[in-house]
Amino acid sequence: MPKVTIDGFSIDVPEGTTILQASRILATEGKMPDAHVPPAMCYYTKLKTSGGYCRTCIVKVSKGSEKDPRPMPKPVPSCRQTVMDGMEVQNLTAPDLLEARAGVVEFLLINHPLDCPICDQAGECHLQDLSYENGNAGTRYEFARRTFDMIDIGDKIKLHMNRCILCYRCVKTAEQITDGRVHGVISRGDHAEISTYIEQAIDNDFSGNVIDVCPVGALTDRTFRFKSRVWFTKPMDAHRKCDKCCGKTAVWLSGNDVLRVTARKDKFGEVEDWICNECRYDKKQIGDWTIEGPRKIERHSVISQNHYESLRQLKVDISNQKKLLEVAHVADIKQN
Ligand code: SF4
Ligand code: FES
């Protein structure tokens, strides 16, 4: 089994494991703090061929392998790059890599509106977290952002294309877990957009899962829109007997009102089991569910309170590293 070292934490993993998967195994087994796992905006474990679009998961490979120890010349997407025996990878320990990732974030935000105060995804938005953790405070972009009209995809899903980062997750979800994909990305470059032969699009039992996989607020649940900020709701693990799906969900309560029903997600923000539309949209009475207890939100986000407190320290550490690097660089210049 190849051995890989990520930010100084080592693990043996099966052949064919990617760097991202290896880092998640390290974190899941408690051998590495979660913060060292590269962020991923397009990769999704359950979706085949996902990943490779957004470049947020880039890492620096400082040693290629035991056989060929040369570093890789450019940052590589950790969701696509498989590990090799003896490989050494840097994520948080490489300030230049963090600089490069900040550039990726800047690109992702070029056309993204500053909608957070009115966006239903705020508080559990991966882009919000990514920007806070890996982005810069300001923007250098001065041009008009591209804008689209909002579209209803069926009667339950709203597509707000302005917020879409073209991660393809919803396309792959529709392709792989529903009966026939009828939506995808049309056009290219800054004209690229998610589009659908809308009305039939979402007429199948598992279509609501595209909402859960969307990392931003581009696809939202029309039955929940503007009902509450997510951090005011109480997520509970709940289940019911369902003959279409596993029936295990998270119900988001306000008092005894079920404001929304979603799939349960793991600490990497990925759905544990797909749920059907009946569970998601039609079971909105507390009596429809057996409540198991409060759901522990492990994913770092605003909904897991105080998370940003620990991140603050992390950011201080990183900026100290950057300063040290700059000082060393200046000393180098003076010497030469
Ligand atoms: S709508 Fe959401 S899931 Fe689909 S491509 Fe855009 S950001 Fe990704
Ligand atoms: S998560 Fe790897 S490229 Fe998007």
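Domain bounds here come from an automatic or database domain assignment. The structure is a predicted model: local features need pLDDT of at least 70, side-chain atom pairs count only at pLDDT 80 or more, and totals for chains, interfaces and linings use all residues. Residues are numbered from 1 along each chain as its sequence is written, and chains are lettered from A and ligands numbered from 1 in the order in which they are written.

The assignment divides the chain as follows.

| Domain | Residues |
|---|---|
| domain 1 | 3-107 |
| domain 2 | 110-294 |
| domain 3 | 306-336 |

The centres of domain 1 and domain 2, taken over C-alpha atoms, lie 26 Å apart. Contact (C-beta atoms, placed from the backbone, within 7 Å) links 21 residues of domain 1 with 22 residues of domain 2. Helix α2 supplies the largest share of the domain 1 side, six residues.

Helices are DSSP runs (H or I, at least four residues), numbered from the N terminus. Helix α2 (residues 95-109) packs on helix α3 (residues 126-134) at about 140 degrees, with axes 9 Å apart. Axes are lines fitted to C-alpha atoms over the stretch in contact, and angles run from 0 to 180 degrees between N-to-C directions. That angle makes α2 oblique to α3 (under 35 degrees is roughly parallel, over 145 roughly antiparallel, 65 to 115 roughly perpendicular, the rest oblique). From α2, Leu-98, Arg-101, Ala-102, Val-105, Leu-108 and Leu-109 meet Leu-127, Leu-130, Ser-131 and Asn-134 of α3.

Ligand 1 is surrounded by 14 residues (C-beta atom, placed from the backbone, within 6 Å). The closest are Cys-164, Cys-167, Cys-170, Cys-214 and Ala-218.

Note on methods:
Helices (H or I, at least four residues) and strands (E, at least two) are DSSP runs, numbered from the N terminus. Two residues are in contact if their C-beta atoms, placed from the backbone, lie within 7 Å.
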